[in-house]
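The model is shown below.

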Amino acid sequence: MNGTSIRNSSTIAIIDMGTNTFNLLVADVSPDKKFKILFENKLPVKLGEGGLSNNEIKPEAWKRGINAIEKHVSDAKRFNPQQIYAFATSATRDARNGKEFVADIKKHCGITVEIITGQHEAELIYLGVKQAINLGDTYNLILDIGGGSNEFIIANNDKIVWLQSFNLGVSRLMQKFTTSDPIQVEEIQTLEEYFTVQLAPLFDAVQKFKPTTLIGCSGTFDSFRNILEHRNIVKLTQDPWSEIPLDVFRELHSELIRTTLEERLQIKGLVSIRAEFIVVATVFVNFILKKLSITQMLQSSYSLKEGAFAKLAN
């Protein structure tokens, strides 16, 4: 963000260029660090489709990405924003043609995209979650499940004590591991064995800081909440966070891993692009809960975009 800050009330647009979806948030940001959401939209892009395994943005995904940015920029301009910020994450930063892709966005759409590191991504996620949930004095484990990478942050309301980005996003996992429909027990075991090796630094950090609350954000956890709200299991509110009781999650997890894609597409509250990825995502979350001494799970509706607003406001 190059040191930019907000001194007067301003309308700002943030575009979060994820691996599966490109998200737009337009808000008025005031000098007292508050923001009022004016408009938001999510577009399925599947930027990493077919290319994550060899670090490349494929032509069709490239075209979908440009079209999504054009749409988001057009929508944002209806609110006359002072600035449109765009952040590219895992699929773009790892792609050998990622810089050419953002240059093409500049050419076609007139906006500059910042390719952020996994650490910067995690920091923005933390700032976003802080806008939704009072993290208190004790340490929490924050998890953002993306398409290309997953970010873990251990933090309380005052500070981050540990963070790391892992290339374990759901799209990346699905390109690396072939799974059946519905997924089979041995395939879950293969995934969990892989997680055990890859997440060794997380286990060391958790042993040191001992967080007991898991706070999940972005599409996977939004989907859990939406499904449970449709079933009147979780209370429907306008709050930017919700508790997902662990026993309720485990029941939902058991259901999801037994479903086919066709069956998941019929689940109320689960959007079509999430239906494709939710099984691997729920296997990942269930693994984390089994492995760690988590006693509470919360969902945050705020993540990277809201964190970007918070950083600008400061």
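Are Phe203 and Phe287 buried or exposed? I found Phe203 buried, and Phe287 as well; buried means under 20% relative accessible area, exposed over 50%, and partly exposed in between, with a 1.4 Å probe and protein chains only.

I note that this is a predicted model, in which local features need pLDDT of at least 70, side-chain atom pairs count only at pLDDT 80 or more, and totals for chains, interfaces and linings use all residues. Residues are numbered from 1 along each chain as its sequence is written, and side-chain values use heavy atoms, with hydrogens and water left out.

I next looked up the ring pairs. Rings of Phe, Tyr and Trp (its six-membered ring) pair if their centres lie within 6.5 Å; planes under 30 degrees apart count as stacked, over 60 as edge-to-face and the rest as tilted. By this rule I have 13 aromatic pairs. One of them, Trp62 with Phe101, is edge-to-face, at 5.2 Å centre to centre and 70° between the planes. I recorded Phe101 as buried, with a relative accessible area of 0%. The centres of the Phe203 and Phe287 rings are 6.3 Å apart and their planes lie at 55°, so this pair is tilted.

I also found that ring pairs link Phe152, Phe166, Phe195, Phe203, Phe284 and Phe287 into a cluster.

Finally, I checked charges over rings (NZ of Lys or CZ of Arg within 6 Å of the ring centre and within 35 degrees of the ring normal). The charged end of Lys291 sits over the Phe203 ring, 5.5 Å from its centre. That of Arg78 sits over the ring of Phe39, 5.2 Å from the centre.
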